[in-house]
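Dear colleague,

Please find below the structure that I am handing over to you. My findings on its salt bridges and on one of its helices follow.

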Amino acid sequence: MSALTDEGRRVVDGLSQRHGFSREATEQMLVSVLNGNGQMAQFSHPEFGGSGQWMRGGMTMIGDMFNNHLKGRVDSLCSDIASQLHNFGGLIQSGSFQSQSQSGSGTQRQDAGAVRGESSLFVPDPSRNWWPKELGTPNATGSQNQMQYAYFAAPSRLAVKSGNSVWVYNTLNHQIGGFSQQQGGSGNISFSSQFGTIDLSSLPVVMRDGQEVTASSATVAAPVNVSIASQSESSSAAVTEGDIFALIEKLGALREKGLLTDDEFNSKKSELLSRL
């Protein structure tokens, strides 16, 4: 359970007194409603009649199913908590993007990442906000497989965490709405914007692990796919011939867009071909 700040404890105490539940039970319900984005909660506590579920504006179910008085108190507590959470910026999801991948059975899995910025209710968890602090609060966050994403619309930046490395991209004039990662082949990552589906590798990398990245080194350094990102961390790992040719093609596309000069392209091309 996340640690509460002094303000968070004050809010929990007020809720506890108004609704007649213990402080411990009220704090547990606060976290449950938060996890349900202020719209629902799944809980299990003796004071709430055991296991149950609450939906805002919908049905409330508790283990003590015939205790309508308790059911009404639980509904009132959850509704009050939901209203309180909306008073603290960043706790309730204000935007999300979806990431998609193909499972082994061929079915599609879809996940949405909620945005949770800093709040005075809970003590900040440094490990949760892995992106550079100067980017501020993301408009959307998400994760897929071994990668995490955080999108910052105002500064036109996208942070991607792969392994222990954090990459920051310039999103140019794209308004990012979702990510997908191809399975089995290259593992290339793409994103959706108002212009359709775009390769992540087509975006300029501006920073890696807090250090600025120049245009000439960005494409080879960037995590085009999970396997190459992992290989770049170890000089003993082999890069396949197909990966190298794919990278050369991407370098060529960036040169055509004017993001690389002919000299930069030829230099990186020679470097990649030397690995064959």
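Six salt bridges are counted in this predicted model, a salt bridge being a side-chain nitrogen of Lys or Arg within 4 Å of a carboxyl oxygen of Asp or Glu. One of them joins the side chains of arginine 23 and aspartate 13, at 3.1 Å from N to O. This pair links distant parts of the chain, with arginine 23 in helix α2 (residues 23–35) and aspartate 13 in helix α1 (residues 6–19); helices are DSSP runs of H or I, at least four residues long, numbered from the N terminus.

Arginine 23 also forms a salt bridge with glutamate 27, with 3.5 Å between the closest N and O atoms. These two residues are four apart in helix α2, and therefore about one helical turn separates them. Glutamate 27 is buried, at 14% relative accessible area, whereas arginine 23 is partly exposed, at 31%. Here buried means under 20% relative accessible area, exposed over 50%, and partly exposed in between (1.4 Å probe, protein chains only).

A further salt bridge brings together arginine 208 and aspartate 209, at 3.7 Å from N to O. Through shared partners, Asp13, Arg23 and Glu27 form one network of salt bridges.

In helix α7, the residues Phe265, Lys268 and Leu272 are buried. Seen down the helix axis, the buried residues of α7 fall within an arc of 75° (taken from the directions from the axis to the C-beta atoms), so they line one face.

Residues are numbered from 1 along each chain as its sequence is written, and side-chain values use heavy atoms, without hydrogens and water. Local features need pLDDT of at least 70 and side-chain atom pairs count only at pLDDT 80 or more, while totals for chains, interfaces and linings use all residues.

Yours sincerely
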